[in-house]
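Q: I have a model open and would like to go through it piece by piece. Can you take questions as they come?

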Amino acid sequence: MKKAEIVIVVLCITAVILNFMLVPGGVLFTVLTFMLLSILYFNLGFALFNGIRLRNIFKKESYVGIKASRMIGCIGTGMALSLLIVGLLFKLLSWPGSFVNLMAGLFFVAVVLIISIIKLVTSKSSFYKWIIIRCVVLFTIGFICINLRPYAIMDFKYRNHPAFLAAFKAREADPGNPELEEKLEAERMRIDQGEYAKDHPQSTEQ
């Protein structure tokens, strides 16, 4: 299970890079990989954190020696990490609701982190060490993202496409305006078809 987690994390990082490079399909790849990681934590966190292999999750002997309280904690941890990952996805793609998802995710991950630190101090178990590492990494990324200025990610991603940025921000200011929606879609199509690079060759040289 840990190998699967590592592979998915690497895919998520790759997806983010492709997304920022405006590679066709980068957004879809980002959504798929982030949701896959979210599902892994949400549905299989109890097995992942306890080192239980996927093929053994339905075997009763795999859970021998694991206390019910620890299993409940694993499920809660998986749900908290899953929520934070969804928040990161929303923030990365500038979707509505990113702030709420990030705030909720950060809150619950912070609770898990505090409890895990206390448990580590009292039990010295390496189990809590790995929980803490996951929580610290994702909490740090989430904290940075939630403190970014508005449109910071969009400004960086489309730094060579000012016309698209202007259309996007205008649509965000008046989301019910069909003309602004059409203009935004037209600018998006120009980027996808490479027309912007032809009109503004200097932007690709930077």
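Q: Is F108 buried, partly exposed or exposed?
A: F108 is partly exposed, at a relative accessible area of 43%. Buried means under 20% relative accessible area, exposed over 50%, and partly exposed in between, with a 1.4 Å probe and protein chains only. Before going on: this is a predicted model, where local features need pLDDT of at least 70, side-chain atom pairs count only at pLDDT 80 or more, and totals for chains, interfaces and linings use all residues. Residues are numbered from 1 along each chain as its sequence is written, and side-chain values use heavy atoms, with hydrogens and water left out.

Q: And F107, buried or exposed?
A: F107 is exposed, with a relative accessible area of 52%.

Q: How many aromatic pairs are there?
A: The structure has ten aromatic pairs. Rings of Phe, Tyr and Trp (its six-membered ring) pair if their centres lie within 6.5 Å; planes under 30 degrees apart count as stacked, over 60 as edge-to-face and the rest as tilted. One of them joins F107 and F108: the ring centres are 5.2 Å apart and the planes stand at 75°, so this pair is edge-to-face.

Q: What about Y151 and F168, how are their rings placed?
A: Their centres are 5.9 Å apart with the planes at 90°, so Y151 and F168 are edge-to-face. Y151 lies in the loop between helix 5 (126-146) and helix 6 (152-157), and F168 in helix 7 (residues 162-173), so the pair ties together parts that are 17 residues apart in sequence. Helices here (H or I, at least four residues) and strands (E, at least two) are DSSP runs, numbered from the N terminus.

Q: Which cluster does that belong to?
A: Y151, Y158, F164 and F168 form one aromatic cluster. Within it, F168 is buried at 5% relative accessibility, while Y151 is partly exposed at 31%.

Q: Which charges sit over rings?
A: R70 lies over the face of F127, 3.8 Å from the ring centre. The charged end of R159 is over the ring of F156, at 4.4 Å from its centre. The test is that NZ of Lys or CZ of Arg is within 6 Å of the ring centre and within 35 degrees of the ring normal.

Q: Where is F156, and is it buried or partly exposed?
A: F156 lies in helix 6 and is partly exposed, with a relative accessible area of 44%. The C-alpha atoms of F156 and F20 are separated by 8.0 Å, although the two are 136 residues apart along the chain.

Q: Changing topic: how do helix 3 and helix 4 pack?
A: Helix 3 (residues 68-92) and helix 4 (residues 98-123) pack at about 150°, and their axes are 8 Å apart. That makes helix 3 roughly antiparallel to helix 4. Axes are lines fitted to C-alpha atoms, for helices over the stretch in contact, with angles from 0 to 180 degrees between N-to-C directions. Angles under 35 degrees count as roughly parallel, over 145 as roughly antiparallel, 65 to 115 as roughly perpendicular and the rest as oblique.

Q: Which residues meet there?
A: Among them are T77, L81, L84 and L88 in helix 3, and L102, G105, F108 and V112 in helix 4.

Q: Then helix 3 and helix 5, what angle?
A: Helix 3 and helix 5 pack at about 25°, with axes 10 Å apart. That makes helix 3 roughly parallel to helix 5. The residues that meet include R70 and C74 in helix 3, and F127 and I131 in helix 5.

Q: Zooming out, how many helices and strands are there?
A: The protein has ten helices and zero strands. The C-alpha trace spans about 65 × 30 × 30 Å along its principal axes, and 37% of the 206 residues count as buried.

Q: What share of contacts joins residues at least 24 apart?
A: Among contacts between residues at least 6 apart in sequence, 58% do.

Key: Contact means heavy atoms within 4.5 Å.
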